[in-house]
Amino acid sequence: RAVGRKNSINSRKLMIIKIISVGKKLNSWERDSINFYLKQLPKNLKIEFINLKSQQNPNYSESEVTKKESQLIMSKLSKDDFVISFDMNGDQICSKKFSDLIFNYQQSDKTITFVIGGSFGLSPEIKDNSNKVLSASLFTFPHRLFRLILVEQIYRAHTIVNNMPYHK
């Protein structure tokens, strides 16, 4: 067993992380890739996926689409969620700071909820109602790839907190 920080994740209560994303459901390669990391997480760290259907329609403007998607996202949030949204203008942090962010909130009774917007991004309402807005990169990623990147970073955060050799 790896020797971790004094308050290692393995000694804590159940932690649930939700990932809300606008886009298509997981396909087989995405599910297999994500499961690779999920299987390595401790049993008291659960990741729940909430996939919302894109509201893109030729009859809607970009702002109408983001407004409709915003309503869907807001309906999935609770007052007990610590909401972290992704936007290219958000804060950029390293993996170590990301692990600190996640596991500092594990001590609270809040569920960490990550929000990934649709093709047109997130509405100002979602960003304004987020506890934190992060930028993963100035690159644009497809949802299928970004969900995998996010799960890998959650796994990496776990290895950092527990002093495991994965993060080098």
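**Exercise 1. The segment after H5**

Find out where Asn-163 sits and whether Asn-163 is buried or exposed in this predicted model.

*Solution.* Start with the location: Asn-163 belongs to the segment that follows H5. Next, check the surface. The relative accessible area of Asn-163 is 59%, so this residue counts as exposed, the cut-off being over 50%. Finally, look at the backbone: phi of Asn-163 is near 55°, a positive value in a residue that isn't glycine. For context, most residues other than glycine have a negative phi.

**Exercise 2. The largest nonpolar core**

Work out which elements build the largest nonpolar core, and which one gives the most.

*Solution.* Begin with the residues. The core holds 28 of them, and those touching the most other members are Ile-17, Ile-19, Phe-98, Ile-102, Phe-114, Leu-150 and Ile-154. Now go to the elements. Two or more residues come from each of strands E1 (15-22), E2 (45-52), E3 (81-91) and E4 (111-116), and likewise from helices H1 (28-38), H3 (95-104) and H5 (143-161). The top contributor is H5, with eight residues.

Then zoom in on Ile-154. Skipping neighbours within four places in sequence, Ile-154 contacts Ile-17, Ile-19, Leu-45, Ile-47, Phe-98, Ile-102 and Phe-114. There's also another core lying apart from this one; it has ten residues, including Val-22, Ile-73, Leu-77 and Leu-122. As a rule, nonpolar side chains in soluble globular proteins tend to be buried together.

**Exercise 3. Strand E4 and Val-115**

Which strands does E4 bridge to, and in what direction do they run? Then describe the surroundings of Val-115.

*Solution.* Take the E1 side to begin with: five bridges link E1 and E4, and the two run parallel. Ile-19 stands opposite Phe-114 there. On to E3, which is also joined to E4 by five bridges in a parallel arrangement. Here Phe-82 has Ile-112 of E4 as its bridge partner.

How covered is the strand? Five of the six residues of E4 are buried, so call it mostly covered. Val-115 is in E4, and its relative accessible area of 0% makes it buried. Leaving out neighbours within four places in sequence, Val-115 touches Ile-20, Ile-73, Leu-77, Val-83, Ile-84, Ser-85, Phe-86, Leu-122 and Ile-126. One more distance to check: Val-115 and Ile-50 are 65 residues apart along the chain, with 9.5 Å between their C-alpha atoms.

**Exercise 4. Helix H2, end to end and face to face**

*Solution.* Length comes before faces. Now list the buried residues of H2: Val-65, Thr-66, Glu-69, Ser-70 and Ile-73. As for the cover over the buried residues, it includes E1, E2, E4 and helix H4 (124-128).

**Exercise 5. Helix H3**

List the buried residues of H3 and say what they pack against.

*Solution.* Seven of the ten residues of H3 are buried, leaving the helix mostly covered. They are Ser-95, Phe-98, Ser-99, Asp-100, Leu-101, Ile-102 and Phe-103. Their packing partners are E1, E3, E4, strand E5 (132-134) and H5.

Notes
Residues numbered from 1 in each chain as written. Predicted model: local features only at pLDDT ≥ 70, side-chain atom pairs only at ≥ 80, totals over all residues. Heavy atoms only, no water. Core = buried A, V, L, I, M, F, W, Y, C linked by side-chain atoms within 4.5 Å. Buried < 20%, exposed > 50% of the residue type's maximum accessible area, 1.4 Å probe, protein only. Helix = DSSP H or I, 4+ residues; strand = E, 2+ residues; numbered from the N terminus. Contact = heavy atoms within 4.5 Å. Pairing = 2+ DSSP bridges.
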